[in-house]
Amino acid sequence: MKPVYIINGFLDAGKTDFFRYTIAQPYFRTKGKTLLIVCEEGENDYEEKLLKSTNTVVERIEDEEDFTPEALIALDAKHGPERILIEYNGMWNFKNMKLPIMWNLEQQITVIDASSFELYFSNMKSLLAEQIRNSDMILFNRCDGIEDLASYKRNVKAINQKADIIFEDKDGEVDVTLDEDLPFDLTQDPIDLNNYGYGMFYLDALDHVERYEGKNVRFKGMVLKPEEFPKDRFVPGRMAMTCCAQDMQFLGFACEYDKAQELKEKDWVLVTAKVVKQFVPEYKGEGPVLVAISVEKTTAPENQVIDFSNPQQ
């Protein structure tokens with residue numbers, strides 16, 4: 001299996017600069033040839049001196065219909081690379097991309113020009129969401145002078161909760177937290193979460209479970225009962241619109257409750273629970289788990305779906 005590293009993003013987001021920097025690093029200069037597949041022409045290009053010194057060969061695929069497993073296999077046979085880098089065209093729908101069976105996707109990175117994020121998020125949300133959805137890292141560059149970076153982080157985390165999100169300006173990395181953006185009082189007992197509040201709690205607790213550990217929360221949630229769960233555990237949560245009405249995700253944490261077997265799938269319940277930190281295989285580490293204090297059947301909320309673009313829910 002040959003390792004493949006994909007970088008995507010819209011034109012002039014900084015993809016070429018990222019790959020130029022990467023292949024020039026000593027840690028990347030391993031034995032064997034690197035095949036770099038470029039799918040669009042931006043303002044910057046790869047210098048011949050850099051390519052020669054890093055044993056990198058560039059091939060270009062200009063049309064989406066030409067980006068096929070058969071074409072990629074032909075390039076593999078032509079060059080016999082040890083690894084493959086792909087600078088993907090941001091205007092191509094990422095969900096249509098298919099790689100040869102003997103290529104293994106090691107890492108996917110999305111680069112976003114922060115100065116144009118709002119424009120793309122408003123007008124090309126579906127394309128942007130496909131870039132973000134399965135990325136391991138999302139890099140916002142050119143963040144200078146932008147004050148509302150926390151909302152950018154919130155919108156991206158709503159689509160991909162597991163990715164590392166990095167913000168950079170001309171001086172380097174910028175620390176962006178959601179602290180000041182939390183729409184609830186952390187000193188309440190329990191912390192009452194409305195629709196939007198629950199969504200923000202879910203996203204923030206993934207990154208900062210220590211902020212909530214030992215605290216009690218209260219919210220309305222829909223019951224989900226995964227087959228693999230034991231009888232004393234279920235998932236109360238909410239559906240969230242991460243991109244468009246056709247693109248929904250269920251956001252919920254596992255909840256320990258001794259009467260979970262009495263609940264029915266898709267019931268609405270009012271949950272009061274303590275947040276604890278436990279090892280969870282799905283998190284590949286420690287993460288938030290709820291321990292129920294009370295679970296009461298209730299009616300569905302007026303807004304059953306969380307819309308992260310509408311804090312007034």
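## Basis of the description

Residues are numbered from 1 along each chain as its sequence is written, and side-chain values use heavy atoms, with hydrogens and water left out. Because the model is predicted, local features need pLDDT of at least 70 and side-chain atom pairs count only at pLDDT 80 or more, while totals for chains, interfaces and linings use all residues.

## Overall architecture

The chain contains 8 helices and 16 strands; helices (H or I, at least four residues) and strands (E, at least two) are DSSP runs, numbered from the N terminus. Along the principal axes, the C-alpha atoms fill a box of roughly 65 × 45 × 35 Å.

Of the 313 residues, 50% count as buried, that is, under 20% relative accessible area with a 1.4 Å probe and protein chains only. Among contacts (heavy atoms within 4.5 Å) with a separation of 6 or more, 72% are between residues 24 or more positions apart.

## Strand pairing

Two strands pair if DSSP finds at least two bridges between them. Strand S15 (residues 285-297) pairs with strand S14 (residues 268-280) in the antiparallel sense over 12 bridges, and Lys 274 stands opposite Val 291 in S15. Strand S15 also pairs with strand S13 (residues 255-256), in the parallel sense over 2 bridges; here Cys 255 stands opposite Leu 290. Thr 272 lies in strand S14 and is buried at 13% relative accessibility. Leaving aside residues up to four places away in sequence, Thr 272 touches Pro 190, Val 217, Arg 218, Ala 292, Ile 293 and Ser 294.

Strand S11 (residues 233-241) runs antiparallel to strand S12, with 5 bridges joining them, and Arg 238 stands opposite Leu 251.

## Packing of helix H5

In helix H5 (residues 125-133), the buried residues are Leu 127, Leu 128, Ala 129, Glu 130, Gln 131 and Ile 132. These buried residues pack against strand S1 (2-8), strand S5 (103-113), helix H4 (117-123), strand S6 and helix H6 (149-159).

## Aromatic pairs

The structure holds 17 aromatic pairs. Rings of Phe, Tyr and Trp (its six-membered ring) pair if their centres lie within 6.5 Å; planes under 30 degrees apart count as stacked, over 60 as edge-to-face and the rest as tilted. One of the pairs joins Tyr 88 and Trp 92 edge-to-face, at 5.4 Å centre to centre and 90° between the planes. Tyr 88 is buried at 2% relative accessible area, and Trp 92 is buried at 7%.

Ring pairs also link Phe 184, Tyr 198, Phe 201, Tyr 202, Tyr 212, Phe 219 and Phe 253 into a cluster.

## The second largest pocket

The second largest pocket has a volume of about 260 Å³. Of its 14 lining residues, Gly 14, Phe 18, Leu 139, Asn 141 and Glu 168 are the closest to the centre. Helix H1 (15-24), strand S6 (137-141) and strand S7 (164-169) are the elements that give two or more residues to the lining.

On a 1 Å grid over the protein atoms alone, a pocket is an open set of points where a 1.4 Å probe fits, with protein on both sides within 12 Å along at least five of seven lines, and lining residues have an atom within 4 Å of a point. Grid points are joined across faces, edges and corners, and the volume is the space filled by probe spheres set on the points. The lining divides into 6 nonpolar, 2 polar and 6 charged residues; Ala, Val, Leu, Ile, Met, Phe, Trp, Tyr, Cys and Pro count as nonpolar, Asp, Glu, Lys and Arg as charged, and the others, Gly among them, as polar.
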